[in-house]
Amino acid sequence: MRRFGLIGFPLTHSFSPAYFQNKFQKEGLTDCRYEAFPLASIELLPELLAQHPDLCGFNVTIPYKEQIIPYLDEVDEAAREIRAVNCVKIQRNTDKNDNCQLSTINCQLIEKDYRLKGYNTDAPAFEHCLKEGWQLPDKALVFGTGGAAKAVAYALHRLHIDFYFVSRNKVNEQTITYRDLEHPSKIHNVHNNNLLDNKNLLKDYKLWINTTPVGMYPHTEESLPLDFSVIGSEHYLFDLIYNPEETVFMRQGWGKGAHIKNGLNMLYQQAELSWEIFKGQ
Ligand code: NAP
């Protein structure tokens, strides 16, 4: 039996267990099993690994995408840069005598017979879905500054797309607030050091990416406090939300002739990329 799973907390409406169980069934992978492992604390991870010696890999979701990092022996370069891991491959040492390692977690020395390597599959999944079928504008606004926003930023850097984060709070120079967008004023353009007129920002930055949970089930009638009237047919709106499949954010763009996408394909794509990592040697 090859066991895989998902850690996070709580895991009430998780997509991955049903997706992978369905995939294993469809592809005749009868020796594979995928389960949800709700962990009330990340400190319970070593115990979980000890309890399931057949666990070969697992996905990581809220709230552990960053907290998992100290538990890993190795972190893939992209995940290190994003500072978030959503996929972990487990390598078990078959010869315990030769390979037992000592690991320090929370100042405790733990003998362990496995190595954990962390990856981020959200970023390549987003990049793949963003590019698919779209002639991308060269300037973007990323709404939200959480874990998903960091994966999105990594992809935008790779695609040489200039962007600002839009946040409820002014965090740093590359972040503007929703209030900045509402009230016409001049803000500092981090890309060329000029002053930028806010009013034009929503018009000129034609790729809008929602990485916030605003509009997600069950609050499906909510949307971001933006002036959607500036949108035209050259705007591209990508909402990372996948439930509902059509958010108010997307509808407001669609109504103005914009191109729209939801987060469903990204969700499938990150799961498939995780599978490629799990099954690789
Ligand atoms: P997160 O770490 O909690 O971050 C969400 C960010 O949204 C926060 O940092 C916050 O940014 C902003 N935000 C939260 N509540 C808000 C509100 N009421 N109004 C305006 N902004 C608000 O969550 P995450 O892991 O990044 O996930 C965010 C969303 O992306 C979720 O809906 C998740 O389901 C989705 N997601 C989808 C995929 C996919 O494969 N499709 C993958 C990952 C995540 P500020 O504090 O800066 O405003």
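Colleague: How do the residues of the shell around the ligand divide?
Modeller: Into 10 nonpolar, 8 polar and 2 charged. Ala, Val, Leu, Ile, Met, Phe, Trp, Tyr, Cys and Pro count as nonpolar, Asp, Glu, Lys and Arg as charged, and the others, Gly among them, as polar. This is a predicted model, where local features need pLDDT of at least 70 and side-chain atom pairs 80 or more, while totals for chains, interfaces and linings use all residues. Residues are numbered from 1 along each chain as its sequence is written, and side-chain values use heavy atoms, without hydrogens and water.

Colleague: Which of the 20 residues around the ligand come nearest?
Modeller: Thr145, Ala148, Ser167, Thr211 and Gly263. A residue is near if one of its heavy atoms lies within 4 Å.

Colleague: Why is the Phe15 and Tyr268 pair called tilted?
Modeller: The structure holds 21 aromatic pairs. In this one, the centres are 5.9 Å apart and the planes 35 degrees. Rings of Phe, Tyr and Trp (its six-membered ring) pair with centres within 6.5 Å; under 30 degrees is stacked, over 60 edge-to-face, the rest tilted, so 35 degrees is tilted. Phe15 sits in the loop between strand S1 (2-8) and helix H1 (16-26), Tyr268 in H10, 253 residues apart.

Colleague: What makes the backbone at Pro10, Pro63 and Arg83 worth a look?
Modeller: Most residues other than glycine have a negative phi, and most peptide bonds are trans. Phe9 to Pro10 is cis, omega about -10 degrees, with Pro10 in the S1 to H1 loop. Ile62 to Pro63 is cis too, omega near 10 degrees; Pro63 is in the loop between strand S3 (55-60) and strand S4 (74-75). Arg83 has a positive phi of about 65 degrees, in the loop between helix H3 (77-82) and strand S5 (87-92).

How values were computed: Helix = DSSP H or I, 4+ residues; strand = E, 2+ residues; numbered from the N terminus.
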